[in-house]
Amino acid sequence: MIHATFHHGTNRIDSFQITGHADSGEYGQDIVCAAVSVLAITTVNALQRIAEIPIEVENRDQEGGYLEVHLPPKLEATTELKGQTLLQSFADGLRDVATNYADYIQFAETKD
């Protein structure tokens, strides 16, 4: 099962973590894994390339699927808005996948 957790600070998403594998189909045919992977990779790339945010990324694919991303604590207002828009869109997409494929992905949010 995939576990996706978004960590909220004061009025913002500070970080997210995704662990595990969906195992909803054979390797190469797992649509849940594909959906989560595309959403995650697109978001990380957009945070770096479009919003130009120097995020911290930890990726350990060989250890059961692991991705953790942290935003810097302080960003310029326009950059912060871009980053939060991208992260909220990502969270909404994962929440939708979790709603439709609850046997394969668990979505959670925490607040400081």
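**Note on the salt bridges**

1. E58 is partly exposed, with a relative accessible area of 36%, where buried means under 20% relative accessible area, exposed over 50% and partly exposed in between, computed with a 1.4 Å probe on protein chains only. Its partner in a salt bridge is R60, with 3.0 Å between the closest N and O atoms, and R60 is likewise partly exposed, at 28%.

2. This is a predicted model, in which local features need pLDDT of at least 70 and side-chain atom pairs count only at pLDDT 80 or more, while totals for chains, interfaces and linings use all residues. Residues are numbered from 1 along each chain as its sequence is written, and side-chain values use heavy atoms, with hydrogens and water left out.

3. A search of the whole structure gives five salt bridges, the term standing for a side-chain nitrogen of Lys or Arg within 4 Å of a carboxyl oxygen of Asp or Glu.

4. R12 counts as buried, at 10% relative accessibility.

5. R95 and D92 form a salt bridge at 2.8 Å, N to O, and both residues belong to helix α2 (residues 77-100), three residues apart, or about one turn of the helix; helices here are DSSP runs of H or I with at least four residues, numbered from the N terminus. R95 is partly exposed at 28% relative accessible area, and D92 is partly exposed at 33%.

Terms used: Helix = DSSP H or I, 4+ residues; strand = E, 2+ residues; numbered from the N terminus.
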